[in-house]
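Biologist: Could you take a close look at one part of this model for me, the backbone in the loops? I'd like to hear what stands out there, and then how the chains meet.

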Amino acid sequence: MNDQSITVRGKDRYKSGVMEYKRMGYWEPSYQPKDTDVIALFRVTPQDGVDPTEACAAVAGESSTATWTVVWTDRLTAAEKYRAKCYRVEPVPSSPGSYFAYIAYDLDLFEAGSIANLTASIIGNVFGFKPLKALRLEDMRLPVAYVKTFQGPATGIVVERERLDKFGRPLLGATVKPKLGLSGRNYGRVVYEALKGGLDFTKDDENINSQPFMHWRERFLYCMEAVNKAQAATGEMKGTYLNVTAATMEDMYERAEFAKQLGSCIVMIDLVIGYTAIQSMAKWARKNDMILHLHRAGHSTYTRQRSHGVSFRVIAKWMRLAGVDHIHAGTVVGKLEGDPNTTRGYYDICREDFNPMRLEHGVFFDQPWASLNKMMPVASGGIHAGQMHQLLDLLGEDVVLQFGGGTIGHPRGIAAGATANRVALEAMILARNEGRDYVHEGPEILARAAQSCTPLREALEVWKDVTFNYESTDTPDFVPTVTAAV
Amino acid sequence: MRVTQGCFSFLPDLTDEQITAQVQYCLDKGWAVNIEFTDDPHPRNTYWEMWGLPMFDLRDAAGIMRELADCRKIYGDRYIRISGFDSSHGWESLRISFIVNRPQHEPGFRLDRQETVGRNLRYATHAYATERPEGERYSS
């Protein structure tokens, strides 16, 4: 399939009319990507009867300089440099009719430090292109030269830990429930109980903004009373993610300023506000010593199906560039989509300074991060204290574990639920550091810790049979034994 | 009250045997172990007093436990914490921190509220332990 270049050269290339993309210079099988090129990997599913190489060349064309017909104005530019080049096409393993297309883009095609500009090219027009049945952006290699034009996470994992004075264990959080309907006064009660009981953070849910039952200022005021009170009760830094998501940038800045004025150490935004707004808030957060939490609201509309959309690993890369400090990245064992290997890939993208290609984790490229700050992944949705050993094993130490229902649903109240989670976590870290086989001895370690902690005993009893074993829809295409050269 | 800073404050106080195991974990990772103490556990009190320099070259948990014992002899009525410092590129900070000694009585904190504009409050966390001037806090 990776045959010779059939690019038409010279003046024939610019004869008026329609020419196949693969003959216009968008298919260059001998092209060697430069270190400064942006590389995108697409999963291309052509319509029946469409030549796969032509379909992949079309993706390269439509995401860079091409239009449907030859235009003479190409000759006013360094057109060969600006053409994205599909340099490799291969069938997707065990997925007939779909092809991986590797496409290289010259760095000059993109504006420095702009996710909006990057995405306008890479996922702009091309996803609606008629000759394709479906198209998915699987992964991207972002060159150091481009990475360095982005601010990156406003705070980063290390500085977040230093500010909070919390080292050596995952952070613990909970989302306030019910997610809608509480008044500010009642909402703050949940925050206080959870923080005093032992959590580090509480969190607004994605759709808590400013509704008839609770104006945002009420929420902020009562939440900060709760945070400060819990901090004094425990002598430990506490925080609550105040969701500043709003209709306009002006509204978001106003809310963020108020959070800062009240002494909050963290604010949050939703992915649905858009890339530009996210980058603006990241700059604001850096300028105002604020940790910035991102709730990935809406991502499943385009990340979940393997055939079409954008993989979450790409979203994670964009968000690390854009500059958020926290990002929800899956739990594996909880209630939301998450294959263990794919999720591992996301976590590595958030936390490592260099990601080696690991096809079994869905990571298709070596990705250097050039000392860009690290992003704290957040595990949230259907997790509880009884899974602590699995969570620590699968997700590691630099993660926020968020037990919403698993805190607030405790039979003896919110503070008891928080204490159960904290004791379970500390007992597991202690055992891990002592060199115990905590993954297999997990239930035993928890049972032993529960002997001196009634809330943990009750939590283990209530949720002992809760698991979410459904098949994942987004799994890697390669099994661990496969290796492939890029 | 019980100050819940550090990795293991929700567990019963660690025994020396348990502390030794955690110190050994730090040493096995190649981290430098520090001992620090304070009488002011305010959550924003970052700089506790150092019991000597971080032990960059000490590779033996027993040696660190002897240092801890010496520190306790003098400052047994204060908070003492052990931390492990990782100098690897990209981290260059603590990897773990946990309390290994507490005063017998932990007086805790008062939350001061100053009413300001509108419904806003300015909060201050006041450590009762620091109420007396520093020169008068200790018998020695």
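Modeller: Let's start with S94(A), which sits in the loop between β2 (85-91) and β3 (99-105) of chain A. Keep in mind that this is a predicted model. Most residues other than glycine have a negative phi.

You'll find S371(A) in the loop between β13 (367-368) and β14 (376-380) of chain A. With 14 C-beta neighbours inside 10 Å, S371(A) is partly exposed.

Then have a look at the loop between β5 (171-175) and α6 (184-197) of chain A, where P178(A) sits. The peptide bond from K177(A) to P178(A) is cis, with omega near -5 degrees. Most peptide bonds are trans.

Now for where the chains meet. The contact takes 32 residues from chain A and 29 residues from chain B. On the chain A side, the elements giving two or more residues are α5 (156-164), α7 (216-234) and α15 (414-433). Of these, α15(A) gives the most, with eight residues. By class, that side of chain A has 10 nonpolar, 11 polar and 11 charged residues.

Methods. Residues numbered from 1 in each chain as written. Chains lettered and ligands numbered in written order. Predicted model: local features only at pLDDT ≥ 70, side-chain atom pairs only at ≥ 80, totals over all residues. Helix = DSSP H or I, 4+ residues; strand = E, 2+ residues; numbered from the N terminus. Buried ≥ 20, exposed ≤ 12 C-beta atoms within 10 Å, placed from the backbone. Contact = placed C-beta atoms within 7 Å. Nonpolar A, V, L, I, M, F, W, Y, C, P; charged D, E, K, R; others polar.
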